[in-house]
Amino acid sequence: MDPGDWPGNLGAGLLPAPDGTCQGVFLRYDLFGGRGPAMIIGNLPEGSPARDVPEGEVPFEVGQLLLALENDEEVTVVSTEDVPVMQGDNLLIVRRVKLSESRISCVQFDRSDNVLVTIAAWDRPITDDLYALLKPLPAELFQQG
């Protein structure tokens, strides 16, 4: 994603493992000018512990969004639904995650390289055209340095 695509502040964070490998990359998009992020986008490779959440608990990115907003309200997963989305000539299966906090929108999809992408947005709907803006992160980011 090109930071110039949207207004606001875009930051990135890495989830390091003790052995030096990268267990995930997440982008924090602050549309509100320092008053909290509008969106957290996570890229978690296969085997990342952040992907392993017990059933009914929120994805890692939703937790990060709540922390960034200093919102300590308990949020749970109410339901999930798989939705097919066409991206050019490719079919993308998007999992829409419905949460007990209705102001949070959350979707997940698997990339062809087994990286799980999760988008958690605060008080903004996630539309299908957003997926076209997300450019895959290079595999080198997940290699041991």
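Among contacts in the protein between residues at least 6 apart in sequence, what percentage join residues at least 24 apart? It is 43%, where a contact means heavy atoms within 4.5 Å.

Some ground rules. This is a predicted model: local features need pLDDT of at least 70, side-chain atom pairs count only at pLDDT 80 or more, and totals for chains, interfaces and linings use all residues. Residues are numbered from 1 along each chain as its sequence is written, and side-chain values use heavy atoms, without hydrogens or water.

Confidence next. pLDDT is the predictor's confidence in each residue, from 0 to 100. The protein averages 79, and 78% of the residues score at least 70. Helix H2, residues 129–133, has the lowest confidence, at a mean of 67. E6 has the highest, at 92.

Now the fold. There are two helices and seven strands. These are DSSP runs, numbered from the N terminus: helices are H or I with at least four residues, strands are E with at least two. Along the sequence, the pattern reads β-β-β-α-β-β-β-β-α.

Burial and surface. Of the 145 residues, 41% count as buried, meaning under 20% relative accessible area with a 1.4 Å probe, protein chains only.

To recap the fold: two helices, seven strands.

How values were computed:
Buried < 20%, exposed > 50% of the residue type's maximum accessible area, 1.4 Å probe, protein only.
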